[in-house]
Amino acid sequence: MDTKADLIRYDIRRDRFGWTVYDVRTGQTAVIDGVLQIGLDMDEADAIADALSADGPLPGLPNLAAAARWQQAARPEPARFRYV
């Protein structure tokens, strides 16, 4: 196992719409109350990763599941190509 995985369990990485919290050991995206931890702002993702790595409560993040849900209306539409 690599050194980073020995030191911390969860970390963040950039995704298409913000930041993703992931398990360093498996590479899988973190899930809290059935919600993938993706598309988060950097500070929120970092706080979640730190709390999960410490295996403690998620302080200062009330109603986390609702806050982390994808808001499709806020996401940009995918590019559509037309052949002329």
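I started with the order of elements: from the N terminus on, the protein runs α-β-β-β-β-α-α. I noted that the model is predicted. My tally of secondary structure is 3 helices and 4 strands.

**Overall figures.** I looked up burial next. Of the 84 residues, 35% count as buried. For the accessible surface I have about 6,100 Å², with 51% of that belonging to carbon and sulfur atoms. Residues 24 or more positions apart account for 31% of them.

**Salt bridge.** How many salt bridges does the count come to? I got 1. Arg9 and Asp23 meet through their side chains, at 2.7 Å from N to O. Arg9 lies in the loop between helix H1 (3–7) and strand S1 (10–15), and Asp23 lies in strand S2 (residues 18–23), so the pair ties together parts that are 14 residues apart in sequence.

I checked the cover on both partners. Asp23 has a relative accessible area of 6%, which is under the 20% limit, so I put Asp23 down as buried.

**Negative patch.** I then went over the surface for charge. Asp41, Asp43, Asp46 and Asp50 gather there in a patch of negative charge. Asp43 sits in helix H2, which covers residues 42–54. Is Asp43 buried or exposed? Its relative accessibility is 64%, and the cut-off for exposed is over 50%, so I logged Asp43 as exposed.

Methods:
Residues numbered from 1 in each chain as written. Predicted model: local features only at pLDDT ≥ 70, side-chain atom pairs only at ≥ 80, totals over all residues. Heavy atoms only, no water. Patch = residues over 30% accessible without salt bridge, like charges linked within 9 Å, V, L, I, M, F, W, Y side chains within 5 Å. Areas by Shrake-Rupley, 256 points an atom, 1.4 Å probe, with all protein chains shown as cover. Salt bridge = Lys/Arg side-chain N within 4 Å of Asp/Glu carboxyl O. Lys, Arg positive; Asp, Glu negative; His and termini not counted. Charge placed at Lys NZ, Arg CZ, Asp CG, Glu CD. Helix = DSSP H or I, 4+ residues; strand = E, 2+ residues; numbered from the N terminus. Buried < 20%, exposed > 50% of the residue type's maximum accessible area, 1.4 Å probe, protein only. Contact = heavy atoms within 4.5 Å.
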